[in-house]
Amino acid sequence: MRKFLAILVCKLGRFVGKLIGKGSSMPGKAALKLCPDILSRVQLPPHIIAVTGSNGKTSTVEMIAAILRADGQRVVYNEEGSNQIEGVTTLILTNATMGGRVKADVLLIESDERYAAKSFRFFHPTEFVITNLYRDQLTRNGHPEWVYDAILPALHPDTKLLLNADDPLSSCFAEGRKAVKWFGLAPCASDLPAPGGVYHDGAYCPLCHAPMEYDYVHYNHIGSYRCTRCGHHKMETDYTATALDLENGVLTLDGNTTIQLAFCSIYNVYNILAAYAVCRECGVSGETIRQVINHYILKNGRMQTFTLGQRHGTLLTSKHENSIAYDTNLRYITSTREDCVVLVIVDAVSRKYFTSETSWLWDIDFDLLNCDHVKKVVLSGQYCNDLAERFSFTSLPADRWTVQPDIAAAAAELAESGSEELYVVTCFSDRDKFLSHVKKEG
Ligand SMILES: [Zn+2]
């Protein structure tokens, strides 16, 4: 009876919530109050895929859903990204019959990394993808090792792990486990011989704390690593990307599947690899995956293009408080080689809480913008002076960057001042404040 009631309340709550535009975690919260172990009482689909990690969760989940649906499978997933236990409960119960059977072949869950253990207390994924673990949202998540410890209890012994072989920290989840599949990127032209940037989170082995050595890195400390003491190293990959050519946007998967990238970022490559690996594990053919991923454009709008005056522009959305996300977008600008201007907006640090904590700006490698084709950088938003302080410590000449606190005024000045390509580097909480001043494309 309590189970029936919990499902009913959740479905009704979701229905009303949609009408009044409320988020998707409240109905699940109410259901959990009524029946705390409701998730152990429902009948789940044969495949339960979970995705967690610091970066790329939403994009990876979106791609996995598109591929599995193209393969004819019924997939339910948290499209609105409510990724803690309440949101997961809403997802499961709203897609269940009143008897508690989830009507799908695959339940696909984007899981918050810190709360994964809570979400998977009453059931466990058949496949668990962990994209990476980086420093991210310091005030909320602390250090990546702390997040590692938080994820560990969420990993059931029967769950198959799909891990990023190139990430020294998240690869440690394989310790003592048999069912592990590895994905990774083979050496490519854009590699660096060793980690650079303003900090080095892969300097010491996450297992024994001895110094690590690198054969190459694809970015930051992601690449081929080896511990000088315990031997922790990049594993042989089961799913491999080769022949990555970021300039021409081409990539080969497992030596036989060629992908044309809609967005030439190494980030996108890892999201594709993770989605490819788990879909192959679920029996999807390489050809089906190729057809879906070729030129795949993410629906979540991280790559919005627009026009502003004479300028064509691209919005590069990063997560605030996540320096690797920023670095990847800055590196993308560096790689474009055509004359451009860059607008960096930091107006709100977080969508969810107010801290005014800006130490993460010092982790971002803004020196990447010191290249000939970046003609000017404009700093804007409430935290433009924190940005200016950070920029005064970069190698960028002082006459190449300016400050305009008001986002509307910055957009107006850029609209009137030239025709070079414009890149806007900002986050989810601030992007709409800028997009309201431009003409969106696509
Ligand atoms: Zn070691």
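Contact is defined here as heavy atoms within 4.5 Å. The structure is a predicted model, in which local features need pLDDT of at least 70 and side-chain atom pairs count only at pLDDT 80 or more, while totals for chains, interfaces and linings use all residues. Residues are numbered from 1 along each chain as its sequence is written, and side-chain values use heavy atoms, with hydrogens and water left out.

The protein comprises 13 helices and 18 strands, these being DSSP runs numbered from the N terminus (helices, H or I, at least four residues; strands, E, at least two). Its radius of gyration is 22 Å, close to the 22 Å given by the globule rule for 442 residues, so the protein is as compact as a globular protein of that length. This radius is taken over C-alpha atoms, and the rule is 2.2 Å times the number of residues to the power 0.38. The C-alpha trace spans about 70 × 55 × 40 Å along its principal axes. Among contacts between residues at least 6 apart in sequence, 71% join residues at least 24 apart.

Of the 442 residues, 57% are buried, a class defined by a relative accessible area under 20%, with exposed over 50% and partly exposed in between (1.4 Å probe, protein chains only). The accessible surface of the protein comes to about 18,300 Å², and carbon and sulfur atoms account for 51% of this area.

In soluble globular proteins, nonpolar side chains tend to be buried together. A nonpolar core is taken as a set of buried Ala, Val, Leu, Ile, Met, Phe, Trp, Tyr and Cys residues joined through side-chain atoms within 4.5 Å. The largest such core holds 48 residues, of which Ile-49, Ile-64, Leu-68, Leu-108 and Leu-251 touch the most other members. Helix 8 (residues 266–281) supplies the largest share of this core, with 12 residues. Beyond residues up to four places away in sequence, Ile-64 touches Ile-49, Val-51, Leu-108, Ala-275, Val-278 and Cys-279. A second, separate core of 42 residues includes Val-76, Phe-123, Ile-151 and Leu-161.

Arg-14, in helix 1 (residues 2–19), is buried, with a relative accessible area of 10%. Neighbours within four places in sequence aside, Arg-14 is in contact with Lys-22, Gly-23, Ser-24, Pro-27, Glu-80, Thr-90 and Thr-94. Thr-90 belongs to helix 4 (residues 85–94) and counts as buried at 2% relative accessibility. With the neighbours of Thr-90 within four places in sequence set aside, its contacts are Cys-10, Arg-14, Ser-24, Ser-25, Pro-27 and Gly-28.

His-221 occupies the loop between strand 7 (212–219) and strand 8 (222–227), and at 6% relative accessibility this histidine counts as buried. Residues up to four places away in sequence not counted, His-221 touches Tyr-134, Asp-166, Asp-167, Pro-168, Pro-195, His-200, Asp-201, Gly-202, Tyr-214 and Ile-324. Ser-335, in helix 10 (residues 323–336), counts as partly exposed at 33% relative accessibility. The C-alpha atoms of Ser-335 and Leu-368 are separated by 9.8 Å, the two residues being 33 residues apart along the chain.

How values were computed. Areas by Shrake-Rupley, 256 points an atom, 1.4 Å probe, with all protein chains shown as cover.
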